[in-house]
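Please look over the sequence and the model shown here before reading on.

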Amino acid sequence: MKFSLTSITDRIAGWDIRSIVTKFVIAGAVIGVIATIFWYKDVYMTDERRFWSAIDNSMSTTSVVRTLTNGGTGNQVVQDNRFYFAPEKLTESKVTFENRSATVNTSVVTEGINTLDAQYSRYVSFETNDPREDGSIPSLDSLLGKWAGETVEGDDAREQSRLNYVSELVTLAIFGNFSANTRQEVVSELRSGNAYEVDYANVTENIVDGEAVLNMQVSVGLQEYARQLQNAFMTAGYGDFPPLNPENYREGSRISAQFVIRKRDNMIVGINFGDRSEAYGNYGVQKNVEIPQPEFTPEELEGRVQEEIQG
């Protein structure tokens, strides 16, 4: 088949040049974005940048859940605490206790709500086959779901309640809802003060809950870290926490820890040190938490529970 110059010119004239150019531009942009993403993940987002991004992210959340697990099969306590940093400062907790042996199976679930000056708790589940002395099986059905609690009164009691609340926030990373300027200042101080020494040469990758994570071995300088955590508490409005006075720590004292960082979004999902393992998740979830109207004081509820169990 032969093509004349005229027929080729006529065919080109019939093309929608604007549409063709637009398609090429879009295709080029898509390829550019994909290439940039791969470059960002594989080249720019080094392990060091991931670590410091995770430290920054932990300080820019309105809430987070920390899970502590103690014990093992047969005798285990799992404690979930959701810390709310904004708009209100409060904590929701759920504690699950299981005691299982060849003859005894007991399961207890409690819930709690804490503020800086008030504590509330209730039993939501209780099951056991461990009989009383008379052979009957205990039940807490009449008490399940009923809140106990109180707002503390008196300066000393309020101060102790505040300290108890803040103590639960003490760990090896700073969590909260801080401004961009504050986060930048804290990260800069942590870096310049050598609060974290990360062994980037021995970072390992793992899968946790179906997500790729990085395990980073970190040496934490206690004196400098305590100084920055104390400053963060003051900035957040929690007030001074005396145990974090930097003078309480020897200069140069450090502790070894493992930080587990999710690769997808550079969020801290675990901090392990000593015999303590902390899991973190559900960042930023918000819901309306209603302060309970308690039916009992904490002492009254525990007295009633003991009566039901013992018979």
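**From the core to the pockets**

Leaving aside its neighbours within four places in sequence, Ile55 touches Val187, Leu190, Tyr196, Phe259 and Ile268, where contact means heavy atoms within 4.5 Å. A second, separate core of 9 residues has Val108, Leu140, Leu143 and Val305 among its members; a nonpolar core is a set of buried Ala, Val, Leu, Ile, Met, Phe, Trp, Tyr and Cys residues joined through side-chain atoms within 4.5 Å, and buried means under 20% relative accessible area, with exposed over 50% and partly exposed in between, for a 1.4 Å probe and protein chains only.

This is a predicted model, in which local features need pLDDT of at least 70 and side-chain atom pairs count only at pLDDT 80 or more, while totals for chains, interfaces and linings use all residues. Residues are numbered from 1 along each chain as its sequence is written, and side-chain values use heavy atoms, with hydrogens and water left out.

The largest nonpolar core has 45 residues, and Phe51, Ile55, Tyr196, Tyr225, Phe259, Ile268 and Ile271 are those with the most contacts inside it. Among the elements that give two or more residues to this core are α3 (47–58), α4, α5 (180–192) and β10 (254–262); helices (H or I, at least four residues) and strands (E, at least two) are DSSP runs, numbered from the N terminus. The largest share of this core, 5 residues, comes from α6.

Helix α4 deserves a separate look. In α4, Ser161, Arg162, Leu163, Tyr165 and Val166 are buried, and the buried residues of this helix pack against β2 (75–84), β3 (90–100), β4 (105–114), β5 (118–128) and α6 (222–236). Ser161 counts as buried because its relative accessibility is 5%. Leaving aside neighbours within four places in sequence, Ser161 is in contact with Thr115, Leu116, Asp117, Ala118, Gln119 and Val152.

The largest pocket has a volume of about 340 Å³; a pocket is an open set of points on a 1 Å grid over the protein atoms alone, where a 1.4 Å probe fits, with protein on both sides within 12 Å along at least five of seven lines, and lining residues have an atom within 4 Å of a point. Its volume is the space filled by probe spheres set on the points, which are joined across faces, edges and corners. Of the 20 residues lining the largest pocket, Gln79, Ser93, Asn114, Gln119 and Glu168 are the closest to its centre, and β4 gives the most to this lining, with 4 residues.
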